Amino acid sequence: MLGRGWSRMVHPEDAEQLRKVWEHSLATGTPHENEFRVMSAQGVYKYVEARAIPVLGPDGKVREWVGTLTDVTARREADLRMQEDNRRKDEFLAMLAHELRNPLAPISSALEVIRSTKGDKAHLDPMCEIMTRQIHHMSRLLDDLLDVSRITRGVVGLNKQTADLTALTQRCVQSARLSMERKSIVLVTDFSAAPLPVLVDATRIEQVITNLINNAVKFTPAEGQIYISTSTDEEFGVLVVRDTGRGIAKTFLPHVFDLFSQADGSLARSEGGLGIGLTLVRTLVLMHGGHVEALSDGEGLGSEFIVLLPLSFQIPVESSPKATPLSSGRHRILIIEDNVDSAETLSRMLTLMGHEAFVAHDGVQGIEKFKEVHPDVVLLDIGLPKMNGYEVAERLRAEKIKAGGADRLRGRYRP
(Lines give C-alpha, C1' and ligand atoms only; values in the text may rest on other atoms or scores of the structure.)
Protein backbone atom coordinates (compact mmCIF):
# COMPACT_ATOMS: atom_id res chain seq x y z
CA MET A 1 0.00 0.00 0.00
CA LEU A 2 3.04 2.33 0.34
CA GLY A 3 3.48 5.13 -2.10
CA ARG A 4 0.85 4.73 -4.82
CA GLY A 5 0.35 1.03 -4.19
CA TRP A 6 -3.12 1.68 -2.81
CA SER A 7 -4.23 2.99 -6.21
CA ARG A 8 -4.30 -0.59 -7.52
CA MET A 9 -7.25 -1.26 -5.18
CA VAL A 10 -9.38 1.61 -6.55
CA HIS A 11 -12.18 0.84 -8.99
CA PRO A 12 -10.95 1.62 -12.55
CA GLU A 13 -13.90 3.95 -13.20
CA ASP A 14 -13.01 6.07 -10.14
CA ALA A 15 -9.20 6.05 -10.50
CA GLU A 16 -8.79 9.11 -12.77
CA GLN A 17 -11.00 11.36 -10.67
CA LEU A 18 -9.26 10.25 -7.48
CA ARG A 19 -5.82 10.85 -9.04
CA LYS A 20 -6.73 14.48 -9.81
CA VAL A 21 -7.98 15.12 -6.27
CA TRP A 22 -4.90 13.53 -4.70
CA GLU A 23 -2.41 15.34 -6.91
CA HIS A 24 -4.07 18.67 -6.15
CA SER A 25 -3.71 18.01 -2.40
CA LEU A 26 -0.07 16.99 -2.84
CA ALA A 27 0.71 20.14 -4.82
CA THR A 28 -1.08 22.54 -2.48
CA GLY A 29 -0.76 20.76 0.87
CA THR A 30 -4.48 21.09 1.46
CA PRO A 31 -6.90 18.56 3.04
CA HIS A 32 -9.36 16.75 0.83
CA GLU A 33 -12.54 14.65 1.04
CA ASN A 34 -13.58 12.24 -1.63
CA GLU A 35 -15.85 9.27 -2.24
CA PHE A 36 -14.88 6.30 -4.44
CA ARG A 37 -14.91 2.51 -4.67
CA VAL A 38 -12.09 0.40 -3.29
CA MET A 39 -11.48 -3.35 -3.25
CA SER A 40 -12.26 -4.88 0.15
CA ALA A 41 -10.56 -7.84 1.79
CA GLN A 42 -13.54 -9.95 0.69
CA GLY A 43 -12.72 -9.25 -2.97
CA VAL A 44 -15.71 -6.97 -3.68
CA TYR A 45 -15.75 -3.22 -4.25
CA LYS A 46 -17.07 -1.06 -1.39
CA TYR A 47 -17.90 2.62 -1.44
CA VAL A 48 -15.65 4.57 0.95
CA GLU A 49 -15.47 8.16 2.06
CA ALA A 50 -11.82 9.29 2.30
CA ARG A 51 -10.59 12.20 4.38
CA ALA A 52 -6.91 13.21 4.36
CA ILE A 53 -5.15 15.97 6.33
CA PRO A 54 -1.47 16.94 5.84
CA VAL A 55 0.99 16.98 8.74
CA LEU A 56 3.63 19.65 8.12
CA GLY A 57 7.27 19.43 9.13
CA PRO A 58 9.44 22.25 10.62
CA ASP A 59 10.22 23.40 7.09
CA GLY A 60 6.54 23.89 6.30
CA LYS A 61 6.45 21.01 3.85
CA VAL A 62 4.12 18.01 4.07
CA ARG A 63 5.80 15.38 6.23
CA GLU A 64 2.98 12.84 6.13
CA TRP A 65 -0.76 12.48 5.69
CA VAL A 66 -3.27 11.38 8.31
CA GLY A 67 -6.65 10.18 7.12
CA THR A 68 -9.53 7.77 7.33
CA LEU A 69 -11.45 5.52 4.95
CA THR A 70 -15.05 5.08 6.10
CA ASP A 71 -17.19 2.33 4.58
CA VAL A 72 -20.32 4.12 3.27
CA THR A 73 -21.58 1.29 1.04
CA ALA A 74 -24.86 0.86 2.92
CA ARG A 75 -25.58 4.58 2.81
CA ARG A 76 -24.71 4.80 -0.89
CA GLU A 77 -26.92 1.82 -1.77
CA ALA A 78 -29.77 3.30 0.28
CA ASP A 79 -29.38 6.57 -1.64
CA LEU A 80 -29.49 4.71 -4.95
CA ARG A 81 -32.60 2.79 -3.86
CA MET A 82 -34.23 6.05 -2.83
CA GLN A 83 -33.42 7.60 -6.21
CA GLU A 84 -34.88 4.56 -7.97
CA ASP A 85 -38.00 4.66 -5.78
CA ASN A 86 -38.45 8.37 -6.52
CA ARG A 87 -38.06 7.71 -10.24
CA ARG A 88 -40.71 4.99 -10.10
CA LYS A 89 -42.99 7.20 -8.05
CA ASP A 90 -42.73 10.03 -10.59
CA GLU A 91 -43.42 7.62 -13.46
CA PHE A 92 -46.33 6.17 -11.52
CA LEU A 93 -47.92 9.55 -10.84
CA ALA A 94 -47.68 10.45 -14.52
CA MET A 95 -49.20 7.10 -15.46
CA LEU A 96 -51.92 7.44 -12.81
CA ALA A 97 -53.05 10.80 -14.18
CA HIS A 98 -53.08 9.31 -17.67
CA GLU A 99 -54.96 6.16 -16.70
CA LEU A 100 -57.60 7.91 -14.61
CA ARG A 101 -58.16 10.49 -17.34
CA ASN A 102 -58.62 7.92 -20.12
CA PRO A 103 -62.09 6.63 -19.14
CA LEU A 104 -63.48 10.15 -18.72
CA ALA A 105 -63.45 10.92 -22.46
CA PRO A 106 -65.72 8.04 -23.53
CA ILE A 107 -68.01 8.63 -20.56
CA SER A 108 -68.29 12.30 -21.46
CA SER A 109 -68.92 11.47 -25.13
CA ALA A 110 -71.50 8.86 -24.24
CA LEU A 111 -73.37 11.36 -22.08
CA GLU A 112 -73.48 13.81 -24.98
CA VAL A 113 -74.92 11.07 -27.20
CA ILE A 114 -77.54 10.26 -24.57
CA ARG A 115 -78.52 13.92 -24.34
CA SER A 116 -78.79 14.27 -28.12
CA THR A 117 -80.66 11.03 -28.84
CA LYS A 118 -83.52 11.90 -26.47
CA GLY A 119 -84.44 8.36 -25.61
CA ASP A 120 -83.54 6.52 -28.84
CA LYS A 121 -82.90 3.03 -27.40
CA ALA A 122 -80.82 1.91 -30.39
CA HIS A 123 -78.27 4.60 -29.53
CA LEU A 124 -78.70 4.62 -25.77
CA ASP A 125 -77.86 0.97 -25.09
CA PRO A 126 -74.38 1.00 -26.70
CA MET A 127 -73.52 4.28 -24.98
CA CYS A 128 -74.60 2.93 -21.61
CA GLU A 129 -72.47 -0.16 -22.23
CA ILE A 130 -69.43 2.06 -22.93
CA MET A 131 -69.98 4.03 -19.72
CA THR A 132 -70.44 0.85 -17.70
CA ARG A 133 -67.22 -0.64 -19.09
CA GLN A 134 -65.17 2.52 -18.50
CA ILE A 135 -66.55 3.06 -14.99
CA HIS A 136 -65.73 -0.57 -14.18
CA HIS A 137 -62.18 0.05 -15.42
CA MET A 138 -61.82 3.16 -13.23
CA SER A 139 -63.22 1.28 -10.26
CA ARG A 140 -60.58 -1.44 -10.66
CA LEU A 141 -57.81 1.15 -10.80
CA LEU A 142 -59.07 2.90 -7.68
CA ASP A 143 -59.59 -0.39 -5.83
CA ASP A 144 -55.96 -1.32 -6.56
CA LEU A 145 -54.79 2.07 -5.31
CA LEU A 146 -56.79 1.75 -2.11
CA ASP A 147 -55.53 -1.78 -1.52
CA VAL A 148 -51.89 -0.75 -2.00
CA SER A 149 -52.42 2.12 0.42
CA ARG A 150 -53.98 -0.17 3.03
CA ILE A 151 -51.29 -2.83 2.64
CA THR A 152 -48.35 -0.41 2.84
CA ARG A 153 -49.90 1.08 6.00
CA GLY A 154 -50.47 -2.39 7.46
CA VAL A 155 -54.23 -1.95 7.90
CA VAL A 156 -55.39 -4.96 5.88
CA GLY A 157 -56.85 -7.75 7.99
CA LEU A 158 -57.57 -11.27 6.78
CA ASN A 159 -60.77 -13.18 7.53
CA LYS A 160 -59.44 -16.70 7.04
CA GLN A 161 -61.62 -19.74 6.50
CA THR A 162 -60.97 -23.06 4.83
CA ALA A 163 -61.95 -22.90 1.15
CA ASP A 164 -61.41 -25.04 -1.94
CA LEU A 165 -58.69 -23.48 -4.13
CA THR A 166 -60.14 -25.15 -7.23
CA ALA A 167 -63.63 -23.74 -6.57
CA LEU A 168 -62.21 -20.25 -6.05
CA THR A 169 -60.25 -20.52 -9.31
CA GLN A 170 -63.22 -21.80 -11.29
CA ARG A 171 -65.31 -18.87 -10.10
CA CYS A 172 -62.64 -16.41 -11.23
CA VAL A 173 -62.28 -18.17 -14.58
CA GLN A 174 -66.02 -17.92 -15.14
CA SER A 175 -65.90 -14.16 -14.52
CA ALA A 176 -63.13 -13.75 -17.10
CA ARG A 177 -64.69 -15.86 -19.86
CA LEU A 178 -66.31 -12.92 -21.63
CA SER A 179 -62.97 -11.08 -21.86
CA MET A 180 -61.36 -14.21 -23.32
CA GLU A 181 -64.16 -14.68 -25.84
CA ARG A 182 -63.78 -11.09 -27.07
CA LYS A 183 -60.16 -11.89 -28.03
CA SER A 184 -60.90 -15.46 -29.20
CA ILE A 185 -58.43 -16.76 -26.62
CA VAL A 186 -58.31 -20.53 -26.18
CA LEU A 187 -58.70 -21.52 -22.52
CA VAL A 188 -57.18 -24.82 -21.34
CA THR A 189 -57.85 -25.94 -17.76
CA ASP A 190 -56.57 -28.80 -15.66
CA PHE A 191 -58.27 -28.64 -12.27
CA SER A 192 -57.66 -31.01 -9.40
CA ALA A 193 -60.37 -33.66 -9.14
CA ALA A 194 -60.06 -33.72 -5.36
CA PRO A 195 -60.77 -30.62 -3.23
CA LEU A 196 -57.74 -28.48 -2.34
CA PRO A 197 -58.58 -27.04 1.09
CA VAL A 198 -56.59 -23.89 1.88
CA LEU A 199 -56.95 -21.60 4.89
CA VAL A 200 -57.46 -18.21 3.26
CA ASP A 201 -59.43 -15.02 3.10
CA ALA A 202 -61.44 -16.11 0.08
CA THR A 203 -62.12 -12.54 -1.11
CA ARG A 204 -58.42 -11.67 -1.12
CA ILE A 205 -57.33 -14.89 -2.82
CA GLU A 206 -60.01 -14.42 -5.49
CA GLN A 207 -58.46 -10.98 -5.97
CA VAL A 208 -55.07 -12.65 -6.49
CA ILE A 209 -56.44 -15.20 -8.97
CA THR A 210 -58.50 -12.62 -10.86
CA ASN A 211 -55.48 -10.34 -11.15
CA LEU A 212 -53.33 -13.08 -12.65
CA ILE A 213 -56.04 -14.19 -15.08
CA ASN A 214 -56.80 -10.61 -16.16
CA ASN A 215 -53.09 -10.00 -16.77
CA ALA A 216 -52.91 -13.14 -18.89
CA VAL A 217 -55.90 -11.97 -20.95
CA LYS A 218 -54.51 -8.44 -21.24
CA PHE A 219 -51.07 -9.47 -22.52
CA THR A 220 -52.12 -12.42 -24.70
CA PRO A 221 -52.85 -11.58 -28.35
CA ALA A 222 -56.05 -12.56 -30.12
CA GLU A 223 -56.36 -16.33 -30.66
CA GLY A 224 -53.61 -16.98 -28.11
CA GLN A 225 -53.88 -19.57 -25.35
CA ILE A 226 -54.19 -19.43 -21.58
CA TYR A 227 -53.61 -22.47 -19.39
CA ILE A 228 -54.92 -22.57 -15.80
CA SER A 229 -54.47 -25.47 -13.40
CA THR A 230 -54.79 -26.39 -9.73
CA SER A 231 -52.95 -29.24 -8.05
CA THR A 232 -51.26 -30.24 -4.80
CA ASP A 233 -47.57 -30.29 -3.92
CA GLU A 234 -47.21 -31.99 -0.54
CA GLU A 235 -48.02 -29.14 1.89
CA PHE A 236 -49.29 -26.62 -0.68
CA GLY A 237 -52.17 -26.06 -3.02
CA VAL A 238 -50.71 -24.95 -6.36
CA LEU A 239 -52.27 -22.57 -8.87
CA VAL A 240 -50.65 -22.09 -12.29
CA VAL A 241 -51.63 -19.39 -14.80
CA ARG A 242 -49.68 -19.63 -18.06
CA ASP A 243 -50.15 -17.75 -21.33
CA THR A 244 -48.68 -17.46 -24.81
CA GLY A 245 -48.58 -13.68 -24.62
CA ARG A 246 -46.06 -10.87 -24.53
CA GLY A 247 -43.68 -12.50 -22.06
CA ILE A 248 -41.27 -10.80 -19.68
CA ALA A 249 -37.78 -9.57 -20.52
CA LYS A 250 -34.99 -11.29 -18.58
CA THR A 251 -33.81 -7.94 -17.20
CA PHE A 252 -37.29 -7.07 -15.91
CA LEU A 253 -38.22 -10.49 -14.50
CA PRO A 254 -36.55 -9.91 -11.06
CA HIS A 255 -38.59 -6.68 -10.68
CA VAL A 256 -41.97 -7.88 -11.92
CA PHE A 257 -43.51 -7.82 -8.41
CA ASP A 258 -41.99 -4.46 -7.40
CA LEU A 259 -44.36 -1.60 -6.66
CA PHE A 260 -44.99 0.74 -9.63
CA SER A 261 -42.80 -1.40 -11.91
CA GLN A 262 -43.87 -1.74 -15.53
CA ALA A 263 -42.00 -3.36 -18.37
CA ASP A 264 -43.22 -0.58 -20.66
CA GLY A 265 -43.65 2.71 -18.87
CA SER A 266 -44.46 4.75 -21.96
CA LEU A 267 -47.82 6.43 -22.35
CA ALA A 268 -48.04 4.80 -25.79
CA ARG A 269 -48.61 1.32 -24.41
CA SER A 270 -52.12 0.02 -25.05
CA GLU A 271 -52.80 -2.44 -22.26
CA GLY A 272 -53.27 0.07 -19.43
CA GLY A 273 -52.78 -0.55 -15.72
CA LEU A 274 -50.77 1.10 -12.96
CA GLY A 275 -48.04 -1.43 -12.25
CA ILE A 276 -49.39 -2.32 -8.82
CA GLY A 277 -51.47 -5.44 -9.49
CA LEU A 278 -48.61 -7.91 -9.16
CA THR A 279 -47.39 -6.15 -6.02
CA LEU A 280 -50.82 -6.84 -4.53
CA VAL A 281 -50.61 -10.45 -5.68
CA ARG A 282 -47.25 -11.04 -3.99
CA THR A 283 -48.18 -9.20 -0.79
CA LEU A 284 -51.50 -10.98 -0.34
CA VAL A 285 -49.96 -14.40 -1.04
CA LEU A 286 -47.17 -13.74 1.48
CA MET A 287 -49.74 -12.60 4.06
CA HIS A 288 -51.29 -16.08 3.71
CA GLY A 289 -47.94 -17.80 4.28
CA GLY A 290 -47.65 -18.71 0.61
CA HIS A 291 -45.26 -18.06 -2.26
CA VAL A 292 -45.61 -16.70 -5.79
CA GLU A 293 -43.14 -16.98 -8.66
CA ALA A 294 -43.00 -15.52 -12.17
CA LEU A 295 -41.36 -17.39 -15.05
CA SER A 296 -40.74 -16.40 -18.67
CA ASP A 297 -38.26 -17.31 -21.38
CA GLY A 298 -38.25 -13.70 -22.61
CA GLU A 299 -40.23 -11.19 -24.62
CA GLY A 300 -42.78 -12.72 -26.96
CA LEU A 301 -42.47 -16.15 -25.32
CA GLY A 302 -45.33 -16.03 -22.82
CA SER A 303 -45.41 -15.94 -19.03
CA GLU A 304 -46.16 -18.32 -16.19
CA PHE A 305 -47.19 -17.47 -12.63
CA ILE A 306 -47.17 -20.11 -9.91
CA VAL A 307 -48.93 -19.53 -6.58
CA LEU A 308 -48.43 -21.83 -3.57
CA LEU A 309 -50.84 -21.64 -0.61
CA PRO A 310 -50.54 -23.80 2.51
CA LEU A 311 -53.05 -26.64 2.59
CA SER A 312 -55.56 -26.88 5.41
CA PHE A 313 -56.85 -30.11 6.91
CA GLN A 314 -60.27 -28.71 7.72
CA ILE A 315 -63.40 -29.18 5.68
CA PRO A 316 -63.87 -26.33 3.16
CA VAL A 317 -66.71 -23.92 3.91
CA GLU A 318 -68.78 -21.94 1.48
CA SER A 319 -66.46 -19.03 0.70
CA SER A 320 -69.06 -16.55 -0.45
CA PRO A 321 -72.31 -17.24 1.36
CA LYS A 322 -75.33 -15.87 -0.42
CA ALA A 323 -77.08 -13.01 1.30
CA THR A 324 -80.69 -13.56 2.26
CA PRO A 325 -82.64 -11.54 -0.33
CA LEU A 326 -85.31 -9.05 0.60
CA SER A 327 -88.82 -9.92 -0.38
CA SER A 328 -89.75 -8.80 -3.88
CA GLY A 329 -91.81 -5.69 -4.39
CA ARG A 330 -91.52 -2.03 -3.57
CA HIS A 331 -89.25 -0.97 -0.67
CA ARG A 332 -88.63 2.20 1.27
CA ILE A 333 -84.88 2.89 0.94
CA LEU A 334 -82.92 5.55 2.80
CA ILE A 335 -79.65 6.76 1.25
CA ILE A 336 -77.24 8.49 3.65
CA GLU A 337 -74.48 9.89 1.44
CA ASP A 338 -72.67 13.25 1.54
CA ASN A 339 -71.75 13.16 -2.16
CA VAL A 340 -74.79 14.93 -3.60
CA ASP A 341 -74.35 13.63 -7.16
CA SER A 342 -73.93 10.03 -5.97
CA ALA A 343 -76.97 10.25 -3.72
CA GLU A 344 -79.08 11.85 -6.46
CA THR A 345 -78.20 9.32 -9.18
CA LEU A 346 -78.68 6.37 -6.82
CA SER A 347 -82.04 7.76 -5.72
CA ARG A 348 -83.19 8.15 -9.33
CA MET A 349 -82.04 4.62 -10.20
CA LEU A 350 -83.91 3.11 -7.24
CA THR A 351 -87.02 5.10 -8.15
CA LEU A 352 -86.86 3.79 -11.72
CA MET A 353 -86.64 0.28 -10.26
CA GLY A 354 -89.95 0.90 -8.51
CA HIS A 355 -88.73 1.71 -4.98
CA GLU A 356 -89.40 4.72 -2.80
CA ALA A 357 -86.08 6.48 -2.12
CA PHE A 358 -85.18 9.06 0.53
CA VAL A 359 -81.91 10.99 0.81
CA ALA A 360 -79.89 12.47 3.68
CA HIS A 361 -76.48 14.11 3.28
CA ASP A 362 -74.96 13.72 6.75
CA GLY A 363 -75.22 11.40 9.75
CA VAL A 364 -77.43 13.62 11.92
CA GLN A 365 -79.85 14.26 9.06
CA GLY A 366 -79.84 10.54 8.27
CA ILE A 367 -80.91 9.58 11.80
CA GLU A 368 -83.77 12.09 11.72
CA LYS A 369 -84.90 10.86 8.29
CA PHE A 370 -84.72 7.27 9.57
CA LYS A 371 -87.12 8.10 12.42
CA GLU A 372 -89.40 9.87 9.98
CA VAL A 373 -89.72 7.36 7.12
CA HIS A 374 -88.96 3.96 8.82
CA PRO A 375 -87.13 2.50 5.80
CA ASP A 376 -86.80 -1.16 4.89
CA VAL A 377 -83.22 -0.67 3.70
CA VAL A 378 -80.48 1.84 4.54
CA LEU A 379 -77.58 2.47 2.16
CA LEU A 380 -75.06 4.11 4.46
CA ASP A 381 -71.74 5.76 3.59
CA ILE A 382 -68.94 5.42 6.15
CA GLY A 383 -67.13 8.73 5.59
CA LEU A 384 -69.81 11.24 6.60
CA PRO A 385 -69.61 14.76 8.06
CA LYS A 386 -70.67 15.42 11.66
CA MET A 387 -70.93 11.71 12.50
CA ASN A 388 -69.25 8.80 10.70
CA GLY A 389 -71.12 5.83 9.27
CA TYR A 390 -70.22 3.45 12.11
CA GLU A 391 -71.64 5.84 14.68
CA VAL A 392 -74.76 6.33 12.58
CA ALA A 393 -75.19 2.55 12.28
CA GLU A 394 -75.08 2.18 16.08
CA ARG A 395 -77.72 4.87 16.48
CA LEU A 396 -79.93 3.30 13.81
CA ARG A 397 -79.70 -0.09 15.52
CA ALA A 398 -80.68 1.54 18.80
CA GLU A 399 -83.68 3.17 17.13
CA LYS A 400 -84.69 -0.15 15.57
CA ILE A 401 -84.49 -1.90 18.94
CA LYS A 402 -86.75 0.78 20.44
CA ALA A 403 -89.25 0.07 17.67
CA GLY A 404 -89.04 -3.69 18.30
CA GLY A 405 -87.56 -4.52 14.90
CA ALA A 406 -83.96 -5.41 15.73
CA ASP A 407 -84.25 -8.74 13.93
CA ARG A 408 -84.81 -6.98 10.62
CA LEU A 409 -81.79 -4.66 10.72
CA ARG A 410 -78.67 -6.54 9.65
CA GLY A 411 -75.44 -4.80 8.70
CA ARG A 412 -73.48 -5.93 5.66
CA TYR A 413 -70.10 -4.20 5.51
CA ARG A 414 -67.86 -4.12 2.48
CA PRO A 415 -64.22 -3.54 3.51
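Helix 1 lies across strand 1, strand 2 and strand 3, and its direction is at about 145 degrees to that of strand 1. The model described here is predicted.

The three strands form an open sheet in the order 1-2-3, with antiparallel pairing. Strand 1 and strand 3 are the edge strands, each pairing on one side only. From one strand to the next, the twist averages 35 degrees. Strand 2 and strand 3 run antiparallel and are joined by nine bridges. Glu 49 is found opposite Thr 70 of strand 3.

## The second largest pocket

The elements of this region also contribute to a pocket. Helix 1 (12–28), strand 1 (32–39), strand 2 (45–56) and strand 3 (62–71) each provide at least two residues of the lining of the second largest pocket. Strand 3 gives the most, with five residues. The volume of this pocket is about 410 Å³.

In total, 19 residues line the second largest pocket, and those nearest its centre are Trp 6, Trp 22, Phe 36, Ala 50 and Leu 69. Sorted by class, the lining comprises 13 nonpolar, four polar and two charged residues.

## Helix 7

Helix 7 spans residues 277–287 and is largely enclosed by the rest of the structure, because eight of its 11 residues are buried. The cut-off for burial is a relative accessible area under 20%. The buried residues of helix 7 are Gly 277, Leu 278, Thr 279, Leu 280, Val 281, Thr 283, Leu 284 and Val 285.

After helix 7 comes Gly 289, which has a positive phi, near 75 degrees.

Strand 11 (residues 332–336) and strand 12 run parallel and are joined by five bridges. Ile 336 has Ala 360, in strand 12, as its bridge partner.

Technical notes
Residues numbered from 1 in each chain as written. Predicted model: local features only at pLDDT ≥ 70, side-chain atom pairs only at ≥ 80, totals over all residues. Heavy atoms only, no water. 1 Å grid on protein atoms, 1.4 Å probe; cavity = no way out; pocket = protein on both sides within 12 Å on 5 of 7 lines; lining within 4 Å. Points joined across faces, edges and corners; volume = space filled by probe spheres on them. Helix = DSSP H or I, 4+ residues; strand = E, 2+ residues; numbered from the N terminus. Nonpolar A, V, L, I, M, F, W, Y, C, P; charged D, E, K, R; others polar. Buried < 20%, exposed > 50% of the residue type's maximum accessible area, 1.4 Å probe, protein only. Pairing = 2+ DSSP bridges. Axes fitted to C-alpha atoms, helices over the stretch in contact; angles between N-to-C directions. Contact = heavy atoms within 4.5 Å.
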